[in-house]
Amino acid sequence: MHPSLQRPVFLDLRRIRQPVTAVVSILHRLSGLLLVLAAPFAVALFALSLRDAAGFQQAVEILASPPLRLLGLLLGWGLLHHLLAGLRFLCLDLDLGVSRTVARRSALGVLLGALILSIGLAGVWL
Amino acid sequence: MSWRAASGLRPWLLQRLSAVYLAAYLLFSVVVWVGGVADFHHWQAWFAQPLVNAASLLFLVALLGHAWVGTRDILMDYVKPVGWRFALLSLFGLAFLISLGLGLRGLLQVGA
């Protein structure tokens with residue numbers, strides 16, 4: 001057997017504890033996927049809102065319905081996390097904040113910042 | 001170094017440039033709309049302004065380009081069977097193209 005195939009494999013997701021930087025990274029992917037799935041519907045809704053006054057009214061009513069309010073909140077968190085984590089990654093690309101201490105602190109800031117802003121958003125939106 | 005030789009550099013750069021534009025447009029939109037939307041005419045008149053219309057068209061293109069590169073990255077990482085990868089890439093590509101058409105039509109209608 002090839003040596004690389006004999007390496008131990010440990011993939012028990014319930015017992016793996018990731019550092020906060022990894023959590024921010026995987027949530028950046030997950031939130032990106034959420035936003036990608038929502039994007040075609042968001043564009044369609046935007047086009048509807050610009051069509052005429054009736055279309056605008058229809059779009060407003062769709063957005064105001066309870067299930068979409070909840071979904072909107074989830075997507076709001078997704079957008080906030082994706083935006084903040086993305087800005088952090090852009091800084092890392094520019095060699096800003098790459099030391100372990102600062103990188104961990106900024107990751108925690110992104111994680112909590114997106115959650116706190118989402119709670120604020122919920123207060124306005126729900 | 002040619003772009004072709006630097007395989008992967010072009011989408012990498014596209015992802016970052018579009019990200020900066022998307023973030024700037026979104027922050028600007030929050031400032032504009034934080035007080036709420038009065039009515040349809042207010043909404044339509046805003047997007048009918050040539051500069052806003054052009055900026056929004058660019059936002060639409062940047063958004064769907066960004067979505068495409070991100071989707072492609074994720075599918076290449078997790079979906080290994082070629083058939084599935086091709087099918088999913090086609091599905092998302094088609095959805096983004098239809099979105100582009102819808103958004104273009106909406107914006108050009110009010111901008112024209």
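Reader: Is B:Asp77 buried, partly exposed or exposed in this model?
Author: B:Asp77 has 40% relative accessibility and therefore counts as partly exposed (buried is under 20% relative accessible area, exposed is over 50%, and partly exposed lies in between, with a 1.4 Å probe and protein chains only). This is a predicted model, in which local features need pLDDT of at least 70 and side-chain atom pairs pLDDT 80 or more, while totals for chains, interfaces and linings use all residues, and side-chain values use heavy atoms, without hydrogens and water. Residues are numbered from 1 along each chain as its sequence is written, chains are lettered from A, and ligands are numbered from 1, both in the order in which they are written.

Reader: Okay, and which residue forms a salt bridge with B:Asp77?
Author: A:Arg29 does, and the closest N and O atoms of the two residues are 2.8 Å apart (a salt bridge is a side-chain nitrogen of Lys or Arg within 4 Å of a carboxyl oxygen of Asp or Glu). Since A:Arg29 sits in helix 1 of chain A and B:Asp77 in helix 3 of chain B, the pair joins two chains (helices are DSSP runs of H or I, at least four residues, and strands are runs of E, at least two, numbered from the N terminus).

Reader: How many salt bridges are there over all chains?
Author: The structure holds four. Among them is the one between A:Asp93 and B:Arg16, whose closest N and O atoms are 2.6 Å apart. A:Asp93 belongs to helix 3 of chain A and B:Arg16 to helix 1 of chain B, so this pair joins two chains.

Reader: New topic: which residues are buried in helix 2 of chain B?
Author: In that helix, which spans residues 40-48, B:Phe40, B:Trp43 and B:Phe47 are buried. They lie on the same side of helix 2 of chain B, because they cover an arc of only 70° around the axis (taken from the directions from the helix axis to the C-beta atoms).

Reader: And what does B:Trp43 touch?
Author: Leaving aside residues up to four places away in sequence, B:Trp43 touches A:Phe46, A:Ser49, A:Leu50, A:Phe56, B:Trp33 and B:Val37 (contact means heavy atoms within 4.5 Å).

Reader: Last one: where is A:Asp95, and is A:Asp95 buried or exposed?
Author: A:Asp95 is found in the loop between helix 3 (66-93) and helix 4 of chain A, and with a relative accessible area of 60% this residue is exposed. Its phi is near 70°, a positive value in a residue other than glycine, whereas most residues other than glycine have a negative phi.
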